[in-house]
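We'll walk through some helix packing and then a few loop residues.

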Amino acid sequence: MTVPIVVGVDGSAPSLQAASWAGQEAALRSAPLRMLYAMPGWDHDVPLVPPPRAWGTGAEAAAREMLDHAAVHAGAGRPHLSITTDIIASRPAAALVGAAEDAQLLVVGNRGRGGFTELLLGSVSHDVVARAPCPVAVIRQTHAGDRGQIVVGVTGKPGQDFLLDFAFREAALRHATLRAVHAWVHPTTRWPGDPQPLVYDISQVGQEEAILLAEVIAGWREKFPDVMLIPQVMHEHPALALIDASAEADLVVIGAHSGAPARLGMGSVTHAVVHHARVPVIVVRP
């Protein structure tokens, strides 16, 4: 059986858009779609008072109705899409991270019902991106789509094969152009202990960074000859470069920072792109 795509829904507008996007992605991959709603019994999981008898039945019925509504969004125009819905008695982030163990992709809205309105990324979405073992797609309400382009952020450092493999496969699947963006603000460190000059020529460094990007993507051109590839080197902060590039794309693919502190789970560039990109962002882990 094909590994499913999992999407978390809570009835909010962002989660309904996430459900629709997940349905599109599942149909594209010929994968089943699993929709989850997490329903913890009480805040902090501490039952300080006995719950009313009708609470459990009524809450579950409302959750089922909400899931059915989300399933309609996900399956619209996709009559052959296999959709299952589940209610899990757990906190949302924990439920989604657990479900991601058996998923090829986890999809969440950028914000749900909880949290302050000024937060650009909800706490559940943030926790899921930081902890999920599979790639996580964060869906934004501003997504326009159908531009035929995917953007991938390339650092040029070793250990990004997992990211490039995912990005090229996604581009091939969508018959989309892949724009490989490599941005720099000063000469980059190639290896531990690599000394950096105090003064440098911007033009010369730019040429060196272009050569570096060409070397990184050279083998991938051969593996995916049908994918149109646009290399782009920019003298810009990586986060700003990717956010700007997202304005002309359908999707941004970026790697999670494996060295990020456990309390954050993603590096500063990943964090900024997930918050501010104008289109869905897929965060891929090693």
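Let's start with helix α7, whose buried residues pack against β6 (149-153), β7, β8 (229-235), β9 and α8. Packing and meeting here go by contact, taken as heavy atoms within 4.5 Å. The buried residues of α7 themselves are Ala239, Ala241, Leu242, Ile243 and Ala245. Buried means under 20% relative accessible area, exposed means over 50%, and partly exposed is in between (1.4 Å probe, protein chains only). Helices (H or I, at least four residues) and strands (E, at least two) are DSSP runs, numbered from the N terminus.

A quick word on what you're looking at: this is a predicted model, so local features need pLDDT of at least 70 and side-chain atom pairs count only at pLDDT 80 or more, while totals for chains, interfaces and linings use all residues. Residues are numbered from 1 along each chain as its sequence is written, and side-chain values use heavy atoms, with hydrogens and water left out.

Zooming out for a moment, the chain has eight helices and 10 strands. Of its 286 residues, 45% count as buried. Take the contacts between residues at least 6 apart in sequence: 78% of them join residues at least 24 apart.

Back to α7 and its partner. Helix α7 (residues 238-245) packs with helix α8 (residues 268-276) at an angle of about 25 degrees, and their axes are 9 Å apart. Axes are lines fitted to C-alpha atoms, for helices over the stretch in contact, and angles run from 0 to 180 degrees between N-to-C directions. α7 and α8 are therefore roughly parallel to each other; the cut-offs are under 35 degrees for roughly parallel, over 145 for roughly antiparallel, 65 to 115 for roughly perpendicular, and oblique for the rest. On the α7 side you'll find Pro238, Ala239, Leu242 and Ile243, which meet Val269, Ala272, Val273 and His276 in α8. By class, the residues of this contact of α7 with α8 divide into seven nonpolar, one polar and no charged. For those classes, Ala, Val, Leu, Ile, Met, Phe, Trp, Tyr, Cys and Pro count as nonpolar, Asp, Glu, Lys and Arg as charged, and the others, Gly among them, as polar.

Is aspartate 250 buried or exposed? At 12% relative accessibility, it counts as buried.

Pro92, Ala93, Ala94, Leu96 and Val97 in α3 meet Val124, Asp127, Val128 and Arg131 in α4. That contact of α3 with α4 has seven nonpolar, no polar and two charged residues. The buried residues in α3 are Ala93, Ala95, Leu96, Val97 and Ala99, and what covers them includes β1 (5-8), β2, β3 (83-88), β4 (105-109) and α4 (123-131). Alanine 94, in helix α3 (residues 92-99), is partly exposed, with a relative accessible area of 38%. Alanine 94 and valine 128 are 34 residues apart in sequence and 8.1 Å apart in space, C-alpha to C-alpha.

The pairing of α1 with α5 has another geometry. The axes of α1 and α5 come within 10 Å and cross at roughly 85 degrees, which makes α1 roughly perpendicular to α5. Here Trp21, Gln24, Glu25, Leu28 and Arg29 in α1 meet Phe166, Glu170, Leu173 and Arg174 in α5. The residues of this contact divide into four nonpolar, one polar and four charged.

Most residues other than glycine have a negative phi. Serine 30, in the loop between α1 (13-29) and β2 (33-38), has a positive phi near 55 degrees, and it is exposed, with a relative accessible area of 58%. Histidine 175, in the loop between α5 (161-174) and β7 (177-184), also has a positive phi, near 55 degrees. Histidine 175 counts as exposed, at 75% relative accessibility.
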